[in-house]
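I opened this model to look up a handful of local features. My notes follow, entry by entry.

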Amino acid sequence: MRQDHLITAKQLSRDDIEAVLDRARAVADDPAAYADRHAGRVLALCFFEPSTRTRMSFDSAAKRLGMNTIDMGDVDSSSVSKGESLADTVRVIEGYADALVLRHPSEGAATLAAEHVETPVVNAGDGAGQHPSQTLLDLHTIRENHGLDDLTVGIMGDLKYGRTVHSLAAALTEFDANQHFISPESLRLPRSVRFDLHETGAQIREHTDLDGVLPDLDVLYVTRIQKERFPDENEYHRVAGEYRIDAETLEDAAEDLSVMHPLPRVDEIAPEIDGTDHARYFEQAHNGIPVRMALLDTLIENAEAPEGPEVDR
Ligand code: NCD
């Protein structure tokens, strides 16, 4: 990865992804070798939306690289509540930190932030847009269990508002994966995402039912219905609970099927799956540490490269 911002999975080539994942493997194998790597540097955590995993794993990853972290705190307690613009907020925070992790409810927020600062920006979720660091840890999990070649992946649930889905689909296209999208009609992939996938030669099929494709899948990536993004709560209640996985659902699955989920789950995966060999979601969440360590290390290295990185914004 030559760029020093990570805004969208669409900016990543197969080589970029493999380089970060190779580094994540190296980090996982020998964390002590990375412990002081970025001592004296500071990571700013700017979360304008709720987060547990992403915020805490970036915090932990930074500290395991020897960095300190500063946290904007809740939006209500920051100057944003006084009406400060996002551009001003990130310009100020840039002066306090060597890299910024940003989550924001508006699609395009990370792109805007990156236009205003020189320090690396990681998009940790922009509305229903993208969540590329999640994709890297998803791919790391898939790679460690199945490799990244000849994959057949089912992505199920809220494909309309799920930013993890939009990022993962773009990245899987780089690996020529067969992608099956399973959702109610009202939550199918947005037209713009389908367009981008077609443009890049993705192999995609859409379904309203899991049964027909399940036996072919190496990976089933389940997502939460993104309640907070529904303009109408009644519409949410119409689709919530429709796509739920339990032991009976998986009877026809391949023995080595990996069930993944970016978490938090609400009730999309029955707890009875947790103890089976299919369950990968907790391993997936834990992979956030080596992958985000590798990502921060790469972005800071690129930003400080003497030649200057080839920035593609
Ligand atoms: C996801 C997100 O915020 O998009 N969570 C995460 O980062 N692991 C998924 C979700 O909220 O459903």
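**Aromatic pairs**

I counted the ring pairs and got three aromatic pairs. The rule takes rings of Phe, Tyr and Trp (its six-membered ring) with centres within 6.5 Å; planes under 30 degrees apart are stacked, over 60 edge-to-face, and the rest tilted. I looked up Tyr161 and Phe230: their pair is tilted, at 5.2 Å centre to centre and 55° between the planes. This pair links distant parts of the chain, 69 residues apart. Tyr161 sits in the loop between β5 (152-156) and α6 (163-174), and Phe230 in the loop between β8 (219-222) and α8 (233-239). Helices (H or I, at least four residues) and strands (E, at least two) are DSSP runs, numbered from the N terminus.

Are these two residues buried or exposed? Tyr161 counts as buried because its relative accessibility is 13%. Phe230 is buried too, at 10%. Buried means under 20% relative accessible area, exposed over 50%, and partly exposed in between (1.4 Å probe, protein chains only). I also noted that Tyr161, Phe230 and Tyr236 form one aromatic cluster.

**Ground rules**

This is a predicted model; local features need pLDDT of at least 70, side-chain atom pairs count only at pLDDT 80 or more, and totals for chains, interfaces and linings use all residues. Residues are numbered from 1 along each chain as its sequence is written, and side-chain values use heavy atoms, with hydrogens and water left out.

**Ligand site**

Which residues lie around the ligand? I listed Arg53, Thr54, Arg103, His131, Gln134, Arg163, Thr164, Arg224, Gln226, Pro262, Leu263 and Pro264. The criterion is a residue heavy atom within 4 Å of the molecule. A polar side-chain atom of Arg103 is 3.1 Å from a ligand oxygen atom. For Arg163, the distance from a side-chain N or O atom to a ligand oxygen is 2.8 Å. Arg224 also places a polar side-chain atom 2.8 Å from an oxygen atom of the ligand. The ligand has 320 Å² of accessible area on its own, and the protein covers 94% of that. These areas come from the Shrake-Rupley method with a 1.4 Å probe; for residues, only the protein chains shown count as cover.

Pro264 is in the loop between β9 (258-260) and α9 (281-286).

I moved to β6, where four of its five residues are buried. β5 and β6 pair in the parallel sense over five bridges; pairing requires at least two DSSP bridges. Gly154 has His180 in β6 as its bridge partner.

Gln179 belongs to β6 (residues 178-182). Gln179 is buried, at 1% relative accessible area. The side chain of Gln179 reaches the backbone oxygen of Ala169 at 3.2 Å. Gln179 and Ala169 are ten residues apart in sequence and 7.6 Å apart in space, C-alpha to C-alpha.

**Positive phi**

Asp150 lies in the loop between α5 (132-146) and β5. Asp150 is exposed, at 73% relative accessibility. Asp176 has a positive phi of about 55° and is not a glycine either. Asp176 is in the loop between α6 and β6, and is exposed at 53%.

Key:
Polar contact = N/O pair within 3.5 Å; in protein donor to acceptor, adjacent residues only side chain to side chain.
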